[in-house]
Amino acid sequence: MSAHPVLELMARRLKERSEPAHRKDAFRLALVAEGGAMRGVVSSGMLWALEEAGFLPCFDLAVGCSAGAMNASSFLAGVAGACTREYAQEFRSTRFIQPARVLLGRPVIDLDYSLDFSSTILDAGRFQRVLESPIPLHCVATDVDQARRALLSDFQSQDELRRALKASSCLPLVAGDPVEFRGHRYMDGGITEGIPVASARELGATHALVLQTRPRGLRYPTPKGLFLRLVELRLGRFHPVLPTLYRRRNHVYDETCDLLDIEQAKGEEALPSVFCLRLPEGSPTVSHLERRPHVLRERAAAAREHARQELSVPVLSLAGR
């Protein structure tokens, strides 16, 4: 049985030592990463495996939503492993996540803290390296005033990059109010596109490696509860359609997952040809606000090993390494 077209393309590019913007082929391979707040530790662990295998030059563009955009930026900057380790260290601290803050009218998640944070392993220079990367980053966000999906890219400064990353992730009460970017207001891209494969297609991707953070077979739980209603009330102040989009995101997510399964089975007949990395059915999941370090480390390790076995090993084998 022949390998999946995405794996074959990655292997060929490794063998040819192909570099972004200097390809011998006419294809465009997109890295696609979904979000999910602290569930992003899963896609971060997968990116760590890709980083270890030296797969960065295989990609032509990166498309991320919320935590997926944050993780993709770390991968482009060469610190995916460091970012993964910080999930179980600084990013699970009360400085970053503190549910009690909502009682004071402040967001549970402090996005500014994560964007300002630097350590001996996750350096402050990472944003400049993203700007200098030949692989462009596209952040999926939701245009507040038009209640539709938007792509933020072509960053001219670190401030623009940081604003885009924050805009892709912010949500009233959860991670903050809308962020202004080039004269428009944006918020969490997961409201309009949790798994940004359609965005990758619009950007000209012929192939896409999709990193998902929920295990295979797990459906998106129906949003409910008082907190959900409070978020919807806040969203309704910005645009009357936003609460409906937010409430229906579970159905859209599940439909996208089903479609991706079909598209992956099509191989080269699909456009883009998609290969999804998703933890096996029955694997433990991670909550949006998970803070237990052992849970975060275990899920990161499982995701890293899964990516090694399902992607790194076959691609390196095809490449003769």
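**Figure 1. Helix H11, residues 249-266, and its surroundings.** Helix H11 has 18 residues and reaches 26 Å from its first C-alpha to its last, close to the 26 Å expected at 1.5 Å a residue. The expected span is 1.5 Å times one less than the number of residues in the helix. Helices (H or I, at least four residues) and strands (E, at least two) are DSSP runs, numbered from the N terminus. This is a predicted model, in which local features need pLDDT of at least 70 and side-chain atom pairs count only at pLDDT 80 or more, while totals for chains, interfaces and linings use all residues. Residues are numbered from 1 along each chain as its sequence is written, and side-chain values use heavy atoms, with hydrogens and water left out. The buried residues of H11 are Arg249, Asn250, Tyr253, Asp254, Cys257, Leu260, Glu263 and Gln264. Buried means under 20% relative accessible area, exposed over 50%, and partly exposed in between (1.4 Å probe, protein chains only). The buried residues of H11 pack against helices H8 (197-202), H9 (226-238) and H10 (242-247), and against strands E7 (207-211) and E8 (273-277). An α-helix has 3.6 residues a turn, so residues three or four places apart point the same way.

**Figure 2. The stretch that follows H11.** Pro272 lies in the loop between H11 and E8.

**Figure 3. Thr192 and its contacts.** Thr192 is found in the loop between strand E6 (184-188) and H8. Its relative accessibility is 21%, so Thr192 counts as partly exposed. Leaving aside neighbours within four places in sequence, Thr192 is in contact (heavy atoms within 4.5 Å) with Ala141, Thr142, Arg148, Arg149 and Leu245. The C-alpha atoms of Thr192 and Val252 are separated by 8.7 Å, although the two residues are 60 apart along the chain.

**Figure 4. Ser66 and Asp154, two residues with positive phi.** Ser66 is not a glycine, yet its phi is about 55°. Ser66 sits in the loop between strand E2 (61-65) and helix H3 (67-76), and counts as buried because its relative accessibility is 10%. Asp154, also a residue other than glycine, has a positive phi near 55°. Asp154 is found in the loop between strand E4 (148-152) and H7, and counts as exposed because its relative accessibility is 57%.

**Figure 5. Helix H7, residues 158-169.** H7 has twelve residues and reaches 17 Å from its first C-alpha to its last, close to the 16 Å expected at 1.5 Å a residue. The buried residues of H7 are Glu160, Leu161, Ala164, Leu165, Ala167, Ser168 and Ser169.

**Figure 6. The chain that holds these sites, with twelve helices and eight strands.** The radius of gyration of the chain is 18 Å, close to the 20 Å that the globule rule gives for 321 residues, so the chain is as compact as a globular protein of that length. The radius is taken over C-alpha atoms, and the rule is 2.2 Å times the number of residues to the power 0.38. Along its principal axes the C-alpha trace spans about 55 × 40 × 40 Å. Of the 321 residues, 55% count as buried. Among contacts between residues at least 6 apart in sequence, 76% join residues at least 24 apart.
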